[in-house]
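Dear colleague,

I am passing on the structure we spoke about, and I would be glad if you could look through it alongside the notes below.

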Amino acid sequence: MENITLNVQGMSCGHCVNAVESNVGKLEGVELVKVHLDAGKVDVSFDNEKVTLAKIKETIDDQGYDVD
């Protein structure tokens with residue numbers, strides 16, 4: 001299991017939190033997703049044999065947020 005914290009820009013409300021947590025959480029291999037709205041960060045725990053970091057970033061980007 002790999003743990004990573006991503007910097008995500010553009011999240012500003014509860015809808016943003018739900019969009020990121022629910023869509024990333026649906027990916028196979030993602031164990032935990034936690035958005036820290038005030039800090040603009042997203043913690044993700046995932047199995048890198050089932051899902052790639054690139055796929056996680058792409059999923060966040062698809063929701064309309066910028067990921068570093």
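The notes below take the strands, the core and one of the helices in turn.

Please keep in mind throughout that this is a predicted model. Strand 3 (residues 41–46) runs antiparallel to strand 1 (residues 2–9), to which it is joined by six bridges, and within this pairing Asn7 has Lys41 as its bridge partner. Six bridges also join strand 3 to strand 2 (residues 30–36), again in an antiparallel arrangement, and here Leu32 stands opposite Ser45. Strands 2 and 3 form a hairpin with four residues between them, and Gly40, which lies in the turn, has a positive phi of about 70 degrees.

The largest nonpolar core has 20 residues, and those with the most contacts inside it are Val24, Val30, Val44 and Ile56. Strand 1, helix 1 (14–25), strand 2, strand 3 and helix 2 (53–62) each supply at least two residues of this core, the largest share, five residues, coming from helix 1. Leaving aside residues up to four places away in sequence, Val24 touches Val30, Val33, Val44, Ile56, Thr59 and Ile60.

Helix 1 itself has twelve residues and reaches 16 Å from its first C-alpha to its last. Its buried residues are Cys16, Val17, Ala19, Val20 and Val24, and, seen down the helix axis, the buried residues fall within an arc of 165 degrees, so they line one face of helix 1. These buried residues pack against strand 2, strand 3 and helix 2, whereas the face turned away from the buried side carries the exposed residues His15 and Asn18.

With best wishes

Methods: Residues numbered from 1 in each chain as written. Predicted model: local features only at pLDDT ≥ 70, side-chain atom pairs only at ≥ 80, totals over all residues. Heavy atoms only, no water. Pairing = 2+ DSSP bridges. Core = buried A, V, L, I, M, F, W, Y, C linked by side-chain atoms within 4.5 Å. Buried < 20%, exposed > 50% of the residue type's maximum accessible area, 1.4 Å probe, protein only. Contact = heavy atoms within 4.5 Å. Expected span 1.5 Å × (residues − 1). Arc of directions from axis to C-beta.
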